[in-house]
Amino acid sequence: MFSRIAGPWYGLYLILISAIALSLTSCGDSPVASSAGDISAIHHIVFLIKENRTFDNYFGTFPGADGVTKGDTSNGNSVPLLPAPDSGPLPNLCNSWDCAILAMNGGRMNGFDLTGSGLAPYTQVTQQEIPNYWEYARHFALADHYFTSIHGPSLPNYLYMVAASSGGVIDNGTSQPGKACSGLEVGAVTVMDARGNTTTQAPCFDLLSLPDRLIQAGISWRYYVHGGGAMNLLRNSEYWQNDYAPNEQFITDAQIGNLPAMSWLFADGADVSEEPPTGICHGENWTVQVLNAVMQGPDWNSTVVFVTWDDFGGFYDHVAPPQIDRFGLGPRVPLLIISPFVKPGSISHTVYEHSSVLKFVETRYHLQPLTARDRDANDMLDIFDFQQSPLPPLILQPRQCP
């Protein structure tokens with residue numbers, strides 16, 4: 001099973017994924033690594049998800065990365081990527097399925113001005129505005145060909161992050177009412193079938209998810225989301241009560257060595273997501289607090305944290321996503337890989353997507369893939385060196401925000 005509230009721009013839309021019948025019991029402790037010098041050195045995997053930024057928007061000027069400072073428009077012009085404000089609304093940025101298709105324009109990546117936003121997508125954050133993210137990239141690893149899983153917004157991409165599929169869901173929900181599996185009245189979602197036909201359905205689907213695989217293998221996991229999200233409304237089962245927590249708890253768990261083998265950590269609520277109009281500085285500071293807790297806790301030497309952004313948010317990016325099926329890949333977003341075992345200061349140009357993190361987990365714990373997506377995804381091992389001396393923690397200071 002899996003559930004998630006869509007982003008704050010869309011209200012409280014519930015998705016419930018009911019997986020195959022499994023015993024709903026608490027997960028055990030993380031397995032102990034069997035040997036040193038390979039992926040089994042990793043005991044804790046953290047998937048930290050921020051919101052609504054592209055690679056060019058954040059790292060387009062990062063040395064050695066595949067970035068640009070100008071963007072192509074639909075009329076054949078090239079325009080500079082102007083400085084982005086730290087916070088405040090941007091006019092009419094659109095990150096829907098349809099807007100993503102328009103923006104990508106068959107791989108020409110010149111239709112961002114056709115999404116109803118004018119030239120608003122053509123902005124770029126400077127190094128001075130996200131100095132700590134740049135410091136993590138310099139010290140650990142950065143991926144510049146990491147793509148979203150689906151053309152479109154947060155919710156379907158969240159589903160790929162746990163199930164390597166969205167079940168055909170392509171949007172965040174509508175104002176049309178529909179009942180979730182729990183019987184709650186929530187917004188319906190648009191679903192696309194294999195032939196490209198769309199219907200509006202209540203958010204109740206049967207999908208196998210990575211938590212189901214982890215439960216089968218007796219491997220611990222937890223889903224950290226602000227306020228519990230939709231999960232605290234889900235049938236009140238012991239299963240969900242034990243395996244979700246408010247995202248504020250992650251810092252405590254990291255500090256005391258209580259991290260599960262697999263964590264999903266969503267930066268929703270409390271002005272930390274970095275999705276406009278929330279502040280970039282506040283969001284980066286929250287990430288720094290999270291990573292400091294991991295690095296100062298007892299689990300640092302056996303942990304990897306994948307820091308990414310869920311969807312493109314309507315912002316410009318110049319790299320055409322590979323089209324591997326009807327749903328994606330979607331526009332490129334940043335990925336920071338933070339671990340004692342990454343190749344320090346490296347930039348991976350390998351194609352990854354959200355399902356690649358699932359592939360890494362499946363590789364580490366010898367789990368079967370969920371769909372063709374995670375089966376065929378790159379396992380991300382090219383960015384690691386498990387023979388090296390573990391990298392020390394990098395403790396950074398939160399900044400004074402404007």
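Let me start with a convention: helices (H or I, at least four residues) and strands (E, at least two) are DSSP runs, numbered from the N terminus. Thanks for coming, everyone. What we have here is a predicted model, where local features need pLDDT of at least 70 and side-chain atom pairs count only at pLDDT 80 or more, while totals for chains, interfaces and linings use all residues. Residues are numbered from 1 along each chain as its sequence is written, and side-chain values use heavy atoms, with hydrogens and water left out.

Let's go to Asp311. You'll find Asp311 in the loop between strand E18 (303–309) and strand E19 (335–338). Is Asp311 buried or exposed? Asp311 is buried, where buried means under 20% relative accessible area, exposed over 50%, and partly exposed in between, using a 1.4 Å probe and protein chains only. On charges, Lys and Arg count as positive and Asp and Glu as negative, with His and the chain ends not counted. What the Asp311 side chain does reach is the backbone nitrogen of Gly313, at 2.7 Å. Leaving aside residues up to four places away in sequence, Asp311 touches several others, among them Asn52, Arg53, Asn95 and Thr148; contact here means heavy atoms within 4.5 Å.

Now, the disulfides. How many disulfides does the structure hold? There are 2, each being a pair of cysteine sulfur atoms within 2.5 Å. One joins Cys94 to Cys99, S to S 2.0 Å. Its S-S torsion is about 90°, so the Cys94 and Cys99 disulfide is right-handed. Both Cys94 and Cys99 are buried.

Another disulfide joins Cys281 to Cys401, S to S 2.1 Å. Here the torsion about the S-S bond is about -85°, so this disulfide is left-handed. Cys281 sits in helix H8 (residues 280–296) and Cys401 in the segment after helix H10 (372–376), so to speak distant parts of the chain, 120 residues apart. Cys281 is buried, and Cys401 is too.

Last, the aromatics. Rings of Phe, Tyr and Trp (its six-membered ring) pair if their centres lie within 6.5 Å; planes under 30 degrees apart count as stacked, over 60 as edge-to-face and the rest as tilted. That rule gives 22 aromatic pairs. For Phe341 and Phe386, the centres are 5.6 Å apart and the planes at 40°, so the pair is tilted. Both Phe341 and Phe386 are buried. Thanks, all!

Conventions: A salt bridge is a side-chain nitrogen of Lys or Arg within 4 Å of a carboxyl oxygen of Asp or Glu. A polar contact is a pair of N or O atoms within 3.5 Å; within protein, one must be able to donate a hydrogen and the other to accept it, and residues adjacent in sequence count only if both atoms are side-chain atoms.
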